[in-house]
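Open the model in your viewer and keep the selection tool at hand. The tour below moves from stop to stop, saying what to select next and what is found there.

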Amino acid sequence: MLKYGKRIIWIDLGRFIAIFLVTGFHVWRFIGCPEHMVLGIDLWGFFKNGYMGCDLFFLLSGYLCSKQWDSLHNENNKVLKFYLSKALRIIPAYYVSLLFWWFLVNKGICVKPYGVRDVIMHMLFMHTLSEKTFFSTSGVYWYLGVQMHFYILFPLVLYILNKVNNWVALAISFLPVVILSYTGYNDKFTLYWNVIILMPSFVCGIMLQKGCFDCFRKEILIFLSLFLYFGIVLVPKIQGLFFLADRLVVGISIGIVLYELADWSKTIPKSIKEFVGVIAQTSYSIYLYNYVFTTYNNILVGKTGFVIYVFMTFGFGIIMYYVVENSLNGIIKRIKMRYCS
């Protein structure tokens, strides 16, 4: 795949799109869940369904985990090196953001459940195992819990994929999604938002890295993926037919399109690549502080409110990246060079 510097363009585009969709979804809810129907199409549908950006993040994660695994040539302690690397990527900035939300709650700036149980469960990435702590502290943290569970399970998932036909494994991973799609939705987030349900996105990311999709005609894959995306996201009559499967299909579709268009991305101007690269590099911090705009009391609505709150979120997240993540990069890189190479 095309690289500029040490970055991969289609991955950066994926992170850029994913963080924009997720942030757009959160802001869309905050400004009153607006709709704008034109010929049966809801133009706010991109953001109404923006939570599907998390499924794209999981696909990108599967791809990058597989890529990193292949780069660990030394078989000695390979699993431990992989775990340490992922822990260093997730935990430092995450713990700082936990402290940030504790400060806001303690000062009365933000009203959130933040007791001792919440703190411990979040620090151990176990908050997604309980309905009471699933969305406490900050609503975005559920993703971090599931992501860490994927990291822990990755060696096992990769082992299974190496033993079983990948397409058969992918089909099997969709079974829980299909079954639950017919049982009817309820508020059990621990049941619907976990590694078992979100596994297809992660598996597809691994399969992309392994080249499993290369046997298909690129044009057909792109057309089908775009058709599914726009159909599910913009047409209200289609949304929710399969409330679990559709979100997975959308996330996977975007990832496949970006992967297949990697060569086309050579034509993107350097200035745009650099801009996308900055947002992609800071996307983790932007996500961690994705609800920072909810501390702003004067609620704005409509397009103006949407633009302002998105800019606020992106701006604050980028600042926190340079204050926290970038400041810790030197220490983290030294630890990785010593223990993860």
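## First stop: a buried tyrosine

Select Y151, which counts as buried because its relative accessibility is 7% (buried means under 20% relative accessible area, exposed over 50%, and partly exposed in between, with a 1.4 Å probe and protein chains only). Y151 is found in helix α7, where helices (H or I, at least four residues) and strands (E, at least two) are DSSP runs numbered from the N terminus. Show its surroundings, and, leaving aside neighbours within four places in sequence, Y151 is in contact with S61, C65, F82, Y83, K86 and I90; contact means heavy atoms within 4.5 Å. If you then draw a line from Y151 to F227, 76 residues apart in sequence, the two C-alpha atoms are 31 Å apart in space.

Before going on, note that this is a predicted model, in which local features need pLDDT of at least 70 and side-chain atom pairs count only at pLDDT 80 or more, while totals for chains, interfaces and linings use all residues. Residues are numbered from 1 along each chain as its sequence is written, and side-chain values use heavy atoms, with hydrogens and water left out.

## The whole chain

Zoom out and colour by secondary structure: the protein chain has 15 helices and four strands. Its radius of gyration is 20 Å, close to the 20 Å that the globule rule gives for 341 residues, so the chain is as compact as a globular protein of that length; the radius is taken over C-alpha atoms, and the rule is 2.2 Å times the number of residues to the power 0.38. Along its principal axes the C-alpha trace spans about 55 × 55 × 45 Å. Buried residues make up 52% of the 341 residues, and among contacts between residues at least 6 apart in sequence, 76% join residues at least 24 apart.

## The nonpolar core

Next select W10, W142, L144 and Y287, the residues with the most contacts inside the largest nonpolar core, which has 98 residues. Such a core is a set of buried Ala, Val, Leu, Ile, Met, Phe, Trp, Tyr and Cys residues joined through side-chain atoms within 4.5 Å. Centre the view on W142: apart from neighbours within four places in sequence, the residues in contact with W142 include C54, F58, H127, W193, R247 and Y287.

## The nonpolar surface patch

Switch to a surface view and select I152, L153, L156, Y159, I160, V164, V168, I172, L175 and I179, which make a nonpolar surface patch of about 890 Å². Patches are made of residues with over 30% relative accessible area and no salt bridge, with like charges joined within 9 Å and nonpolar side chains (Val, Leu, Ile, Met, Phe, Trp, Tyr) within 5 Å; accessible areas come from the Shrake-Rupley method with a 1.4 Å probe, and for residues only the protein chains shown count as cover. Helices α7 (141-163) and α8 (166-181) each supply at least two residues of the patch, and the largest share, five residues, comes from α7. I152 lies in α7 and counts as partly exposed, at 46% relative accessibility.

## Two salt bridges

How many salt bridges does a search of the whole structure find? The search finds two, a salt bridge being a side-chain nitrogen of Lys or Arg within 4 Å of a carboxyl oxygen of Asp or Glu.

Select E325 and R89, whose side chains meet in a salt bridge (3.1 Å, N to O). This pair links distant parts of the chain, with E325 in helix α15 (residues 302-339) and R89 in helix α4, 236 residues apart. E325 counts as buried at 8% relative accessibility, whereas R89 is partly exposed at 32%.

Then select K48 and E35, which form the other salt bridge, with the closest N and O atoms 3.8 Å apart. K48 lies in helix α2 (residues 45-48) and E35 in the loop between α1 (9-30) and β3 (37-38), so the pair ties together parts that are 13 residues apart in sequence. K48 is partly exposed at 23%, while E35 is exposed at 52%.

## Last stops

Return to α4 (residues 78-106) and select K78, which lies in that helix and counts as buried at 10% relative accessibility. The C-alpha atoms of K78 and C340 are separated by 8.3 Å, although these residues are 262 apart along the chain.

Finish at T313 in helix α15, which is buried with a relative accessible area of 0%. Not counting residues up to four places away in sequence, T313 touches T23, I286, Y289, N290, V292 and F293.
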